Amino acid sequence: MNPEKFTEKARNAVADAQKLAIRYSHQQIDNPHLLLALLEQEGGLASAILKKAGIASETLTIRLQKE
């Protein structure tokens, strides 16, 4: 995996996922960290996709934070 080939938003999401893992005292970044980071991006694609699918991103965000 070469982070240099990622878009800026993708690099930011990985960095934010790392911050989330640290905040929750987790030793590794897992899918929930990355998904939460993507959902928290302003104007991000993840929220738009979920909205089109009829899924409330706010509800998913809360569930991920609890996990």
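The questions below concern a predicted model.

Q: Is Q41 buried or exposed?
A: Q41 lies in the loop between helix 2 (31–40) and helix 3 (45–52). Residues count as buried under 20% relative accessible area. Q41 has a relative accessible area of 12%, so Q41 is buried.

Q: Which residues is Q41 in contact with, leaving aside its neighbours within four places in sequence?
A: Q41 sits in the loop between helix 2 and helix 3. With the neighbours within four places in sequence set aside, the contacts of Q41 are K9, N12 and A13.

Q: Why are the buried residues of helix 4 on the same side of the helix?
A: Helix 4 (residues 57–66) has S57, T61 and L64 as its buried residues. They are on the same side of helix 4 because the arc they cover around the axis is only 65°.

Q: Which residues are exposed on the other side of helix 4?
A: The buried residues of helix 4 are S57, T61 and L64, and their cover includes helix 2 and helix 3. On the other side of helix 4, the exposed residues are E58, R63 and K66.

Q: What does A46 touch, not counting residues up to four places away in sequence?
A: A46 is one of the residues of the largest nonpolar core. Not counting residues up to four places away in sequence, A46 touches L38 and L39.

Definitions and conventions:
Residues are numbered from 1 along each chain as its sequence is written. This is a predicted model: local features need pLDDT of at least 70, side-chain atom pairs count only at pLDDT 80 or more; totals for chains, interfaces and linings use all residues. Side-chain values use heavy atoms; hydrogens and water are left out. Helices (H or I, at least four residues) and strands (E, at least two) are DSSP runs, numbered from the N terminus. Buried means under 20% relative accessible area, exposed over 50%, partly exposed in between (1.4 Å probe, protein chains only). Contact means heavy atoms within 4.5 Å. The arc is that of the directions from the helix axis to the C-beta atoms. A nonpolar core is a set of buried Ala, Val, Leu, Ile, Met, Phe, Trp, Tyr and Cys residues joined through side-chain atoms within 4.5 Å.
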